[in-house]
Amino acid sequence: MLDFTPVPHWLNTGATQSGKSTLVNALITGLASQPVTLVGFDLKGGVELTPYSKRLTALATERAECGHLLNDLMTEVKRRMALCRDHKVRNIWRLPETLRPVPVVVLVDEVAELFLMAHKGEKDEVAQTATQLLRLAQLGRAFGVYLFVCGQRVGSDLGPGVTALRSQLSGRVCHRVNDPETANMTLGDADPAALVASRQIPANMPGTAIVIGEDGRWYRAPSVYVTEEQAEHAAETYADLTPTWAEVTTTVEPVTHDELNALLPESAPA
Ligand SMILES: Nc1ncnc2c1ncn2[C@@H]1O[C@H](COP(=O)(O)OP(=O)(O)OP(=O)(O)O)[C@@H](O)[C@H]1O
């Protein structure tokens, strides 16, 4: 079970055909009927997440759209902060039920695409996106904005932003991986035995992964098998539960830039 309340952010890695998308299918199927907002980033042209678009409040498929969506999500986080501040509580779960905003689960498919640049001209845009995603991870956890970040190849070669982001994603799911860098990024900061175990997942066992969740210990676990068709069906069945972005956002004043910076850890980029 993936429970976002104790473990708000997750990293889901694996080589091609290792079972990453099947886990996303299971997640969408599990969340579709619940009162949550689902948002997607899919820079592979939207091929992975478009089938579920009826249950997605927003889907960004190009870098510029990602920037806008990240800005919208940060604005929403700031609104939630202000709401919590006004009610003198530290997280949305302590707000009175009638005021509590719905949780937002942000699905990121192939995170490397967010960090890679085709040419030098994209450098600033990539840096900005990486910073926004990191900020969202840092601040979202208390305010009900949760990340589920997927990647086939997630190595430190993508830049320091990736390692910083990884440290915020305390939930880990490592399917069979081909390159040691990705296994290292997913499990290298955990028990070394987890890394060894990830290398032993055979190719003929897709869906098997090394998982680290709430208790911080690693387990080898199979995921449930949910097809794209089943997930699509769930997305269509519960399409009525998809809030518009206007419905997601609340009307309180966002916190100021200074208040936001005071809440950020010292090392965080401004
Ligand atoms: N939990 C599972 N139980 C049984 N079979 C599974 C499971 N997960 C995946 N598979 C099998 O492995 C195949 C590949 O899975 P999936 O598409 O999820 O991999 P992927 O890592 O997302 O691959 P790609 O990166 O190429 O999209 C599935 O079509 C299915 O046949």
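## Exercises on a predicted model

The sulfur of cysteine 66 lies 14 Å from the closest cysteine sulfur, that of cysteine 150, which is too far for a bond. The model is predicted: local features need pLDDT of at least 70, side-chain atom pairs count only at pLDDT 80 or more, and totals for chains, interfaces and linings use all residues. Residues are numbered from 1 along each chain as its sequence is written, and side-chain values use heavy atoms, with hydrogens and water left out.

**Exercise 1.** Find how many disulfides the whole structure has, and classify cysteine 66 and cysteine 84 as buried or exposed.

*Solution.*
1. A disulfide is a pair of cysteine sulfur atoms within 2.5 Å.
2. The search of the whole structure returns zero disulfides.
3. Buried means under 20% relative accessible area, exposed over 50%, and partly exposed in between (1.4 Å probe, protein chains only).
4. Cysteine 66 has a relative accessible area of 0% and is therefore buried; cysteine 84, at 1%, is buried.

**Exercise 2.** Determine the strand order of the open sheet and identify the strands at its edges.

*Solution.*
1. Strands (E, at least two residues) and helices (H or I, at least four) are DSSP runs, numbered from the N terminus.
2. Two strands pair if DSSP finds at least two bridges between them.
3. The eight strands follow the order S3-S2-S4-S5-S1-S6-S7-S8, with mixed pairing.
4. Strand S3 (56–60) and strand S8 (218–222) stand at the edges; each has a single partner strand, so one side of each lacks a neighbour in the sheet.
5. S2 (residues 37–42) and S3 run parallel and are joined by four bridges. Leucine 38 stands opposite leucine 56 in S3.

**Exercise 3.** State which strands helix H4 touches and the angle of its direction to that of S5.

*Solution.*
1. Contact means heavy atoms within 4.5 Å.
2. Axes are lines fitted to C-alpha atoms, for helices over the stretch in contact; angles run from 0 to 180 degrees between N-to-C directions.
3. Helix H4 (residues 123–140) packs on the sheet, touching S1 and S5, and its direction makes about 135 degrees with that of S5.

**Exercise 4.** Count the aromatic pairs and classify the geometry of phenylalanine 4 and tyrosine 146.

*Solution.*
1. Rings of Phe, Tyr and Trp (its six-membered ring) pair if their centres lie within 6.5 Å; planes under 30 degrees apart count as stacked, over 60 as edge-to-face and the rest as tilted.
2. The count is one aromatic pair.
3. The ring centres of phenylalanine 4 and tyrosine 146 are 5.8 Å apart and the planes are at 15 degrees, so the pair is stacked.
4. Phenylalanine 4 lies in the segment before S1 and tyrosine 146 in strand S5, 142 residues apart.
5. Phenylalanine 4 is buried at 7% relative accessibility, and tyrosine 146 is buried at 3%.
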